Amino acid sequence: MDLNFTPEEQAFRAEVCAFLREQLPPEIARKVHDGKRLAKDDFVRWQKILHAKGWGASSWPVAHGGTGWSAVQQHIFDEECADAGAPMQLPFGLKMVAPVIMAFGNPAQQARFLPRIVDGTDWWCQGYSEPGSGSDLASLKTRAVRDGDHYVINGQKTWNTLGQYADWIFCLVRTSTEGRQQEGISFLLIDMKTPGITVRPIIMMDGEHEINEVWFEDVRVPIENRVGEENKGWTYAKFLLGHERTGIAGVGRSKRELKKLKTIACRESSAGRPLIEDPRFRDRIAQVEMELMALEITNLRVISAEGEKKRAPGPEASILKIKGSEIQQILTELQMQALGHYALPYLHESLDPDWSGDAAMPAYEGDAGPLSGHYFNVRKTTIYGGSNEIQKNIISQMILGL
Amino acid sequence: MNFDYTEEQIALQDTLRRFYARDYGFEHRRAMSKSADGFDRAAWATFADFGILALPFPEDFGGLNGNAVDTMLVMEMLGRGLALEPYLSSVVLCGGLIRDAGSAAQKEALLPAIAGGELMFAFAHNEAGSRYALDHVATRATPAGGGWTLDGAKAVVLAAPSAGKFIVSAREGLGLSLFLVDAGAPGLSLRSYPTQDGARAGDLRLDGVQVAADALIGGACGALPLIERAVDYANAALCAEAVGIMAALNEVTLEYLKTRKQFGTPIGKFQALQHRMADMVIATEQARSMATLAAVRADSTDAAERSRSVAAAKAYVLQSARLVGQQAVQLHGGMGVTDELNVGHYFKRLTMIGLTFGDVDYHLGRFSDTLLAA
């Protein structure tokens, strides 16, 4: 039992920090720290910088162009990136479709798609949920009908994150209506430029365009773009959902947001004293910090067990998802609450990176605008990726055998 | 980074697990709780054979040089076994104080006796009105004839009836000192009673109790940091005990959900109960993480870091324990509130841990106040 990182791991952390100091563009880090809107170019630029260093895919094996890092190294990398204000590397290509292509794709698909993910050329998005298929994902209805060496796709996907920028979408489609609904699903890779695809924005309650619905009308997809076998897509989908375990806790980002919360609580005042001196508010910060300490250790326990690859899968992934998402929500709630009445104004332009405040509202400091929006935005975290209620079904039914 | 126990630690864990399964079943425990001693002296002798009474002591004094993680492992097993034996008082608290601050002569005389099981200790520190504050001591030490005279009263001294010796805290001027006091010392009187969790405790009166110069542990008037360290250590140990109890409660509750039938089906098929069970498992895993943190930090030489981590861990573990304990009773329905099942007894022990050396509010406040220094 030893909670210390090894000298090699500490040296690795120092190397990551040095790289971030030299290579992370300060204007991007500023946006992340201030909670400003990130442009497509910010994400792509950062991915290209990482790729140039050879660090484009921290969770991939070397054979596919990844770093081959251990789970502990990935954790250190994620933590330092979050602390430095690096944009999150979007998971749709790197952590969702890529592992499926590696595990179930053919060599031609691997050679075609994987290099363009790691070097930042292709932007991927996800086509899983449908209007009638949320938690009950296997009931999906988007149809793929064989026509020669193509599938013809008709249907609608929704809750598609940042699909407005995407070059490719990975989709679960129905290729059979026979038998159990799980047994008629296939996994397709679809070029977003294919005729018949329409992307329509869904404006979320924070007022932002982050999410879309994607319509397919007689969209022709070559058979060669199917990953694995026809009607076996559910297996790959479950693999995808279960693959990413340790990143989902978001410990690094939450540590950064906790720091920010404390900064705000020291700066804002209550009854003439810094807000942090109000024990009622301070105890709430302490409570979420305790939750985060526990989550960090739980996450490290999972990471160190993964490194040794010797334990049967337990409830860990679901615990990390549930606790990680709850903590993200509490942190944004407390950040918002710390602002008091300055959490009320809604100024869409305040999320623009070049917005320099409002002369008519001199007390309205830079981060007041983003903070309430973030509270409303992260209500999604307990819903997406298998809602927290679905996670409890997984724990009780799959793990505990109820 | 490594969260695994060593082979030796796993062997010790297995030994204790087998002992509770074979020799210390729930009905045996019930009988021992009702006995005059309130615990099993044969089990204590077995503990001496296992070496766990010597675990945290230096090899020079017959010990095994164990660290706080070793203590955590033992306490988790004692929690699972719902042990009545005063391991916390005698070995962790008082043994720890003697180990950390005792003179060579005191260690020589006392640690092997504790390790061998022939001498048991109790820590007489809390007083009426002290609540959980460690510096609130009204018992007075007055210098007398090269030694001291002790006058005062100590409240709810855990394991007091079985103690052959006490470690008594007393105030001399502005400082606190710790003294070794024989249970039979003239002027010392004890009113003992059972506790809610089936163990024993007592209230102590000291009326002109004479102690010699060599009864002092550590320097005169400088004991508060020693007490703080010992109590942090004890709280880390209690976190581990609580985790052991929570794990045991989850096992019996899960089994009950799978076997108890209502409406023609096992009640574990109902989603309301499934999610409650999932909440209990989550709370226990998170509590285990915090208990681990507390154990590792309990050995830290940085006192601020140690007490900050232990405070956070105790507050968090107690919150988890409340959820798991209350819901284990709830999910057992009417049977959960009987004396017959072990569930109620586990719950009572968990609840009393929540009132020993600081409750949730106390530790949350301690941790919260560290945010001001940051």
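Reader: How much accessible surface does chain B have, and what share of it belongs to carbon and sulfur atoms?

Author: Accessible area here comes from the Shrake-Rupley method with a 1.4 Å probe, and for residues only the protein chains shown count as cover. For chain B the total is about 14,300 Å², with 53% of that belonging to carbon and sulfur atoms. Before we go on, keep in mind that this is a predicted model: local features need pLDDT of at least 70, side-chain atom pairs count only at pLDDT 80 or more, and totals for chains, interfaces and linings use all residues. Residues are numbered from 1 along each chain as its sequence is written, chains are lettered from A and ligands numbered from 1 in the order in which they are written, and side-chain values use heavy atoms, with hydrogens and water left out.

Reader: Okay, what is chain B built from?

Author: Helices (H or I, at least four residues) and strands (E, at least two) are DSSP runs, numbered from the N terminus. Chain B has twelve helices and ten strands.

Reader: And what does the radius of gyration of chain B agree with?

Author: The radius is taken over C-alpha atoms, and the globule rule is 2.2 Å times the number of residues to the power 0.38. For 374 residues, a compact globule would come out near 21 Å, and chain B has 21 Å, so the two agree. The C-alpha trace of chain B spans about 80 × 50 × 40 Å along its principal axes.

Reader: What percentage of chain B is buried?

Author: Buried means under 20% relative accessible area, exposed means over 50%, and partly exposed is in between (1.4 Å probe, protein chains only). In chain B, 59% of the 374 residues are buried.

Reader: Now salt bridges. How many turn up over all chains?

Author: Side chains of opposite charge can pair when their charged atoms come close. The cut-off is a side-chain nitrogen of Lys or Arg within 4 Å of a carboxyl oxygen of Asp or Glu. Searching the whole structure gives 45 salt bridges over all chains.

Reader: Which parts of chain A does the A:Arg146 and A:Glu230 pair tie together?

Author: Those side chains form a salt bridge at 3.2 Å, N to O. A:Arg146 sits in strand β2 (residues 143-147) of chain A and A:Glu230 in the loop between β8 (226-227) and α7 (233-243), so the pair ties together parts 84 residues apart in sequence. A:Arg146 is partly exposed at 45% relative accessibility, and A:Glu230 is partly exposed at 27%.

Reader: What does the A:Arg301 and B:Glu285 pair join?

Author: Their side chains meet in a salt bridge of 2.5 Å, N to O. A:Arg301 is in helix α9 (residues 279-308) of chain A and B:Glu285 in helix α8 (residues 271-298) of chain B, so this pair joins two chains. A:Arg301 counts as buried at 17% relative accessibility, whereas B:Glu285 is partly exposed at 22%.

Reader: Which residues are linked in a network of salt bridges?

Author: The network links A:Arg13, A:Glu79, A:Glu80, A:Lys255 and A:Glu296.

Reader: Last one: which residues does A:Val251 touch?

Author: A contact means heavy atoms within 4.5 Å. Not counting residues up to four places away in sequence, A:Val251 touches A:Glu79, A:Leu292, A:Leu295, A:Glu296 and A:Asn299. A:Val251 is found in helix α8 (residues 251-267) of chain A and is buried, at 4% relative accessibility.
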